[in-house]
Amino acid sequence: MEKITGKLELELGFLFQAERKFKNLASLVRSIEEASIQETSLLLKTIMGGAVYLDASDLHLEAEEGGGSLRMRIDGLLHKVYFFNSLEYRSLVSRIKLLSKMKLNIERKPQDGRFTVVLKKNEKPEEIEIRVSTLPSEHGETVVMRVLNPKNLINLEDLGLRKDLYQVFTEQSQKPNGMIIVTGPTGSGKTTTLYAFLKKIKSPEIKIITIEDPIEYHLEGISQTQVDQKRGYDFPSGLKSIVRQDPDVILVGEVRDLETASIALQAALTGHLVFSTLHTNDAAGTVARLQALGEKPVNIAPALSMVVAQRLVRKICPACAEAKTIPAQTYKEMQAVLKNLPESVEHPNLDPKIKILFPKGCEACNNTGYKGRLGIFEAFVVDNETEDFILTSPSSSAIEKFAVNKGMATMKQDGYIKILNNVTTMEEIKKATG
């Protein structure tokens, strides 16, 4: 991993004020307005402090005619925050490039870098890494900053898993070998889930090595290595080297090609527990995706231990949520989806008179009605019967039907249970699952 040299320090006095001020986007806008007439370093501190306290995952600085705008992604949605004039915008971009060790005189080519925000709260300061990407555009350089806050490294218990699913996840992660694949589109929380698995199983008795692109978070007691395409260090070559390092557990950031898939599956068959991610729409599509990469069912079936699919949905804001009797149409939809739910899955009773929560909007949630996110999941375990079925090269729809018959609750069902538990809404589940 490249050396991080640029540091933006947020002193105790600044943090004390920030904690009081940055309660919502409206208060951040006022602070940015005040800082914009002062020096650029204070402006950047204000923006980054706001991003940390408002739990923004990404910051977008977008060049426009006459200046540039700042947008922040909070709970998966972009919010327009501020518009800077040309001088303010150029000064801000230059300051970010300087911190990120990018070349200031290169504006017509993309650049990548990173810097660290240091929160000097006490004797042991907190460090938050910021991954920076620049891109030339019609009106100037556009900058995207990914906020890699270590507090997003959560435990398996905090993912929002149902009791039965948590038990399955725990059991599968304790196995000495096999492959656990987490699937979903970009931004669905796959990496968070993988790290939660590692946090659950890491101990001095086992050696865990990861290969990632890039390393997003640092985990103590784990060897982490980063892909570097320029030096010819990619997933296949890195994975070959890792296997020779006598690991017990291997995490492969993503399976992108046949060679990576083959080495990872072989590692799972030869005494290693392997975790990885794959881009598919649902858990059942995993086998078909591996086959599309060129892998054979005879290698896939015995290596797979468990396949998980997930999405992120916004949690309803507890400060302003309104409880209303479930609408008749919503009740019918939920009744149709939940009627085939396996008996092992605990859930509140669905009744036409029950009340569910609806978003309203307040200052605490930036008038969105939502605050924070959690996962909705589906997962199936590959037992002997499932292994035999995979060897017949079934379609994704056939695998889903097979998994459901064996007791898999779908993502939509998991989402509806979370509606009944008053943590999210029908609107969010429909957006995530269709």
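## Aromatic pairs

The count of aromatic pairs comes to six in this structure, which is a predicted model. Tyr-82 and Phe-84 form one of these pairs, a tilted one in which the ring centres lie 5.0 Å apart and the planes make an angle of 55°. Tyr-82 counts as buried because its relative accessibility of 14% is under the 20% limit, and Phe-84 is likewise buried, with a relative accessible area of 0%.

Tyr-195 and Tyr-217 form an aromatic pair that is edge-to-face, with 5.8 Å from centre to centre and 80° between the planes. This pair links distant parts of the chain, since Tyr-195 belongs to helix α6 while Tyr-217 lies in the loop between β9 and β10, 22 residues apart. Both Tyr-195 and Tyr-217 are buried.

An open sheet of mixed pairing is built from seven strands, which follow one another in the order β10-β9-β11-β12-β8-β13-β16. Its edges are formed by β10 (223-226) and β16 (370-381), each of which pairs on one side only. On average, and with direction ignored, neighbouring strands of this sheet are turned by 20° against each other.

Helix α6, which covers residues 190-201, packs on the sheet and touches β8 (178-183), β9 (208-212), β10, β11, β12 (273-278), β13 and β16, and the direction of the helix makes about 165° with that of β12.

Glu-254 is located in the loop that runs between β11 (249-252) and α8 (258-269). Is this glutamate, Glu-254, buried or exposed? Glu-254 is buried, because its relative accessible area of 18% falls under the 20% limit.

The side chain of Glu-254 is joined to that of Arg-256 by a polar contact of 3.3 Å. When residues up to four places away in sequence are not counted, Glu-254 touches Phe-235, Thr-260, Ser-276, Thr-277 and His-279.

## A charge over a ring

A further side-chain arrangement involves Lys-324, whose charged end sits over the ring of Phe-358 at 5.4 Å from the ring centre.

## Backbone exceptions

Most peptide bonds are trans, and most residues other than glycine have a negative phi. The peptide bond joining Asp-213 and Pro-214 is cis, with an omega of about -5°, and Pro-214 is found in the loop between β9 and β10.

Asp-246, although not a glycine, has a positive phi of about 55°; Asp-246 lies in the loop between α7 (235-243) and β11, and this aspartate counts as exposed because its relative accessibility of 61% is over the 50% limit. Asn-366 is not a glycine either, yet has a positive phi of about 55°, and Asn-366 is found in the loop between β15 (355-358) and β16.

Conventions
Residues numbered from 1 in each chain as written. Predicted model: local features only at pLDDT ≥ 70, side-chain atom pairs only at ≥ 80, totals over all residues. Heavy atoms only, no water. Helix = DSSP H or I, 4+ residues; strand = E, 2+ residues; numbered from the N terminus. Buried < 20%, exposed > 50% of the residue type's maximum accessible area, 1.4 Å probe, protein only. Polar contact = N/O pair within 3.5 Å; in protein donor to acceptor, adjacent residues only side chain to side chain. Contact = heavy atoms within 4.5 Å. Pairing = 2+ DSSP bridges. Axes fitted to C-alpha atoms, helices over the stretch in contact; angles between N-to-C directions. Phe/Tyr/Trp six-rings, centres within 6.5 Å; stacked < 30°, edge-to-face > 60°. Lys NZ or Arg CZ within 6 Å of the ring centre and 35° of its normal.
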